[in-house]
Amino acid sequence: MNGQLNPSEPFPSGRDTEKVITQHGFKITTRKLPILKAEPIERMTNALGIAPPEMIFGDNLAAIEHQASGWNIQFNAFDALDRVDKTGSSMLQVAHSKEWQSSREKKHEGITDVVKPFDWSYSTDYKGTEQSRSTLLEPSNTPIPLELLKRPDPIIFFDEVMLYEDEMADNGITLLSCKLRVMPARLLLLCRLFMRLDGVMVRTRDTRVYIEFATGEVIREYTAREDKYESVRQKLAMKGRDVPAELREPNNIVELLPVVDQKLERVLLK
C-alpha cells in the first residue's frame, strides 16, 4: 500500500500544497499537509495493524520521478510505518512501556484491538518506495561522490517534509523526516529516522538518494547507526558540549554513533 489510504480521494487542500520542479528530465515533488485527523488515522491504524505515532503526516511525501524511464521513488509515512516490527521482537524495554500502551488504548478508543506488542519506538528501515517499468536499484559498491556535494553550487530547490513524530510517553523522541536539495547538476535527498530513548539508546537510520542529472546515475545509501544512551552522553560530556541540547539535535551526534548496517545500491537511468 503506497502513500494515500485511498488514492482516489482528493487531497484536502488541492495542488497548492505541492511544490514541483523538473530538472533534466527528473520531476521532484514535495507535499506538506496538516497532521491526519481521527478518521484517516483510524483507517491507517486498521491497515497497519499497529497503533500510530502521536503525530502522523499521512498525506505528506517527497518523490522523484525519471519521466523517460518511468522510474520513481517516494517517501511517505504509511510505507515507512509498514516496515516497523509488528511482532514485538525488536521492542525496546523501558519502565514506562506499559503506561505508553495504556495511553494509546485510551487515545484511540474503539480500535484497541489492534494495540499489541510491537516496536513502540517506530524504528523503521524504510528506504523509500521504488517503482519502475524496467530497471530498479541493485546492490553496488559505488559510494555517493561527497566531493561533488561539497562544491558551492547554488541550491535551486530545497524542502523538508515531516512524516511522523512521537515522544514515546515523554521517554524521548522518534521522528522521520526528509530533506531534499536540488542543484543545477545533481540532487540529494536525505530521509532520516532519529530515535532517542532516554536512558536506553540513541539511533539514526539514514537513506540518501543521490542523482547525477547528466548521466542519469542514481545511488542510494542506507546507513544505520546506534549506541547506548549513556555512551553517547559520556562522549558529549568529554567534548565539553551541552549534553541535553545536543541530544535533541541529530546532526550534532550522528557521527558519534557507530555504524551497525550499511547498504549501497545503484541504477543508471536512460
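This is a predicted model: local features need pLDDT of at least 70, side-chain atom pairs count only at pLDDT 80 or more; totals for chains, interfaces and linings use all residues.

Q: What does it take for two strands to pair?
A: In general, strands of a sheet pair through backbone hydrogen bonds, either parallel or antiparallel. Here, two strands pair if DSSP finds at least two bridges between them. Strands (E, at least two residues) and helices (H or I, at least four) are DSSP runs, numbered from the N terminus.

Q: In what order do the eight strands of the open sheet come?
A: The order is E3-E8-E9-E10-E11-E12-E13-E7, with antiparallel pairing. At the edges are strand E3 (55-56) and strand E7 (138-139), each of which pairs on one side only. E7 and strand E13 (residues 259-268) pair over two bridges, and Pro139 has Glu265 in E13 as its bridge partner. Elsewhere, strand E8 (residues 157-166) and strand E9 (residues 172-182) share nine bridges, and Met162 is partnered by Ser177 in E9.

Q: Which strands does helix H5 lie across?
A: Helix H5 (residues 229-238) lies across strand E10 (186-197), strand E11 (201-212) and strand E12 (217-228), at about 95° to E12. For such angles, axes are lines fitted to C-alpha atoms, for helices over the stretch in contact, and angles run from 0 to 180 degrees between N-to-C directions. Contact means heavy atoms within 4.5 Å.

Q: How many aromatic pairs are there?
A: The rule is that rings of Phe, Tyr and Trp (its six-membered ring) pair if their centres lie within 6.5 Å; planes under 30 degrees apart count as stacked, over 60 as edge-to-face and the rest as tilted. The count comes to three aromatic pairs. One of them is edge-to-face because the rings of Phe75 and Tyr126 have centres 5.8 Å apart and planes at 75°. Phe75 lies in strand E5 (residues 72-75) and Tyr126 in the loop between H3 and E6, so this pair ties together parts 51 residues apart in sequence. Tyr122 and Tyr164 also form an edge-to-face pair, 6.3 Å centre to centre with 65° between the planes.

Q: Is Gly128 buried or exposed?
A: Buried means under 20% relative accessible area, exposed over 50%, and partly exposed in between (1.4 Å probe, protein chains only). Gly128 counts as buried because its relative accessibility is 18%. Its place is in the loop between helix H3 (97-107) and strand E6 (129-131). Leaving aside neighbours within four places in sequence, Gly128 is in contact with Ile73, Gln74, Phe75 and Arg220.

Q: Which residues have the most contacts inside the largest nonpolar core?
A: A nonpolar core is a set of buried Ala, Val, Leu, Ile, Met, Phe, Trp, Tyr and Cys residues joined through side-chain atoms within 4.5 Å. In the largest one, of 41 residues, they are Ile64, Trp71, Phe75 and Ile211. Apart from it lies another core, of 12 residues, including Phe194 and Leu236.

Note on methods: Residues are numbered from 1 along each chain as its sequence is written. Side-chain values use heavy atoms; hydrogens and water are left out.
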